[in-house]
Amino acid sequence: MNIDHRPIRATDKKWRLFRAWAARHPIWCAWQVTYRCNFRCRFCQYWHDPMGRSAEPTVADYASGAKKLASLGTLLVSLAGGEPLLRADLPQIVEAIGRFHFPFVTTNGWFVTPVVARDLMRAGVWGVSVSIDYARSDRHDARRGIEGAWEQAWRAVELLSAARVHKWQRVNVIAVLMDDNADDLEGLLEMTAARGAYFMVQPYGRLKTGSRAYEHNDGPVAPRLLELRRRWPNFLSNPYYLSRFDDHLDGGVSGCRAGRSFFNIDSTGDIAICVERRSVPVANLYRHNVGTILRRLRSASAGNVCAECWYNCRGEVESLYRPGSLLESLPTLLFDRGMARRRNAKPEEKVRHAFASGDSALYNGRIKVGPVPTGPE
Ligand SMILES: C[S@@+](CC[C@H](N)C(=O)[O-])C[C@H]1O[C@@H](n2cnc3c(N)ncnc32)[C@H](O)[C@@H]1O
Ligand code: SF4
Ligand code: SF4
């Protein structure tokens, strides 16, 4: 595919994405913009990952890398890390990637201010997911290792929702299903619905810590998730993806398409079939051409029998390759859903109900202003 420097229109990007899918090229790229992190989550080790000390690419590097990848087609690009908003230039990175691809951001929410929310939305981010795992602040803060994390995350959801400039821009909450929060999911759905936001969930993956301690261990969970999805229109996760949670917990979902349908780029530009294989990169975005990158990804994925994770990106992408599932799955990933329908006429009442424990930091459906986050380094 020949491309020039001009931004590609959204409809053309969708068409290019579809062609990449039909040609069996990768369609999803997890691009870790930094491994630095201001949080200390118990279930993640990126905050002490040595890669956080590596030099990071400039915005110009992102622009050239995004253009290079565009010869494969248009990709769904998930910008995460580490905490991506530790890069104060994240809106510029989003803009550079958005010229050719669909940029998404996942954040712990700590650095979201009205200005940051506005800049991300104006830069054309397709969706922002804020991580919130518990319906109560004390439990979320304890697991995330930062006091005030929960309050600030909800404030981020509200600021981002208010800053949307296009109806297709989505704000999500994403939770990690762990050993002790299955009963929190409905409360989280309720709170996200009250803010016009969507909700997604992914199971804890042990490869980040090497421990199974945080794995859900309280019986079958897939039927509960599917039932919640039936009742909550803002539950965005794909039903096929949710239906396999117990298979993941009972030994793993086989048929991983890492390296074929999705891949990972590190903050150094190193490319691996998935984020958990970052210690064995196959190429580098800045040193190798696209043909070499594609060939090496394919050969690294050949014979891969790993079934260790069931992350959101893996499950959502793989659901696109099931017979007849494209139409069911693509809207989850891409199509313009705009703001989630507000289910509650009076969100503050519902939210108070969810916080009957008295723990609520919510006030009339709005978050009270918590501690002022310290700025990016
Ligand atoms: C690694 S974080 C990076 C972005 C940002 N720092 C955040 O926490 O949202 C990306 C997503 O992975 C989730 N996550 C972290 N550790 C995980 C684990 N062991 N298993 C599954 N998901 C995990 C986070 O909650 C977040 O939703
Ligand atoms: S989950 Fe996100 S916020 Fe928590 S340590 Fe990992 S990268 Fe940081
Ligand atoms: S199943 Fe294994 S190879 Fe596939 S994405 Fe997960 S960790 Fe990577």
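The legends below describe close-up views of a predicted model.

View 1. The shell around ligand 1 holds 17 residues, and Cys44, Ala80, Ser131, Gly205 and Lys208 come nearest. By class, the shell around ligand 1 has eight nonpolar, seven polar and two charged residues.

View 2. Three cysteines, Cys37, Cys41 and Cys44, are among the residues around ligand 2. Six residues of the shell around ligand 2 are nonpolar, three are polar and one is charged. Cys44 is also among the residues that come nearest to ligand 1.

**View 3. Surroundings of ligand 3.** Ligand 3 is surrounded by 13 residues, of which Cys256, Cys274, Glu276, Cys306 and Cys309 are the closest. The shell around ligand 3 divides into eight nonpolar residues, one polar residue and four charged residues.

**View 4. Packing of helix α2 with helix α3.** Two packed helices are described by the angle between their axes and the distance between the axes. For α2 (residues 59-69) and α3 (residues 90-98), the axes come within 8 Å and cross at roughly 20°. Angles under 35 degrees count as roughly parallel, so α2 is roughly parallel to α3. The crossing of α2 with α3 is right-handed. On the α2 side, the contact is made by Val59, Tyr62, Ala63 and Ala66; on the α3 side, by Gln92, Ile93, Ala96 and Ile97. Seven residues of this contact between α2 and α3 are nonpolar, one is polar and none is charged. An α-helix has 3.6 residues a turn, so residues three or four places apart point the same way.

**View 5. Packing of helix α5 with helix α6.** The axes of α5 (residues 137-144) and α6 (residues 149-163) come within 7 Å and cross at roughly 105°. The two helices, α5 and α6, are therefore roughly perpendicular to each other. Ser137, His140, Asp141 and Arg144 of α5 meet Ala149, Trp150 and Glu151 of α6. The contact of α5 with α6 contains two nonpolar, two polar and three charged residues.

**View 6. Burial of helix α7.** Helix α7 (residues 185-194) is mostly covered, with eight of its ten residues buried. The buried residues of α7 are Leu185, Leu188, Leu189, Glu190, Met191, Thr192, Ala193 and Ala194. Gly196, which follows α7, has a positive phi near 65°.

**View 7. Ala10 in helix α1.** Ala10 belongs to helix α1 (residues 10-22). Ala10 counts as partly exposed because it has 17 C-beta neighbours inside 10 Å. Ala10 and Arg99 are 89 residues apart along the chain, and their C-alpha atoms are separated by 9.3 Å.

**View 8. Asn284 in strand β9.** Strand β9 (residues 283-284) includes Asn284. Asn284 has 16 C-beta neighbours inside 10 Å and therefore counts as partly exposed. Leaving aside residues up to four places away in sequence, Asn284 touches Gly269, Asp270 and Ile271. The C-alpha atoms of Asn284 and Asp270 are separated by 4.3 Å, with the two residues 14 residues apart along the chain.

Methods. Residues are numbered from 1 along each chain as its sequence is written. Chains are lettered from A and ligands numbered from 1 in the order in which they are written. This is a predicted model: local features need pLDDT of at least 70, side-chain atom pairs count only at pLDDT 80 or more; totals for chains, interfaces and linings use all residues. A residue is near a molecule or strand if its C-beta atom, placed from the backbone, lies within 6 Å of it. Ala, Val, Leu, Ile, Met, Phe, Trp, Tyr, Cys and Pro count as nonpolar, Asp, Glu, Lys and Arg as charged, and the others, Gly among them, as polar. Axes are lines fitted to C-alpha atoms, for helices over the stretch in contact, and angles run from 0 to 180 degrees between N-to-C directions. Helices (H or I, at least four residues) and strands (E, at least two) are DSSP runs, numbered from the N terminus. Angles under 35 degrees count as roughly parallel, over 145 as roughly antiparallel, 65 to 115 as roughly perpendicular and the rest as oblique. A crossing is left-handed if the near helix is turned anticlockwise from the far one by less than a right angle, and right-handed if clockwise. Two residues are in contact if their C-beta atoms, placed from the backbone, lie within 7 Å. A residue is buried if 20 or more other C-beta atoms lie within 10 Å of its own, exposed if 12 or fewer, and partly exposed in between; C-beta atoms are placed from the backbone.
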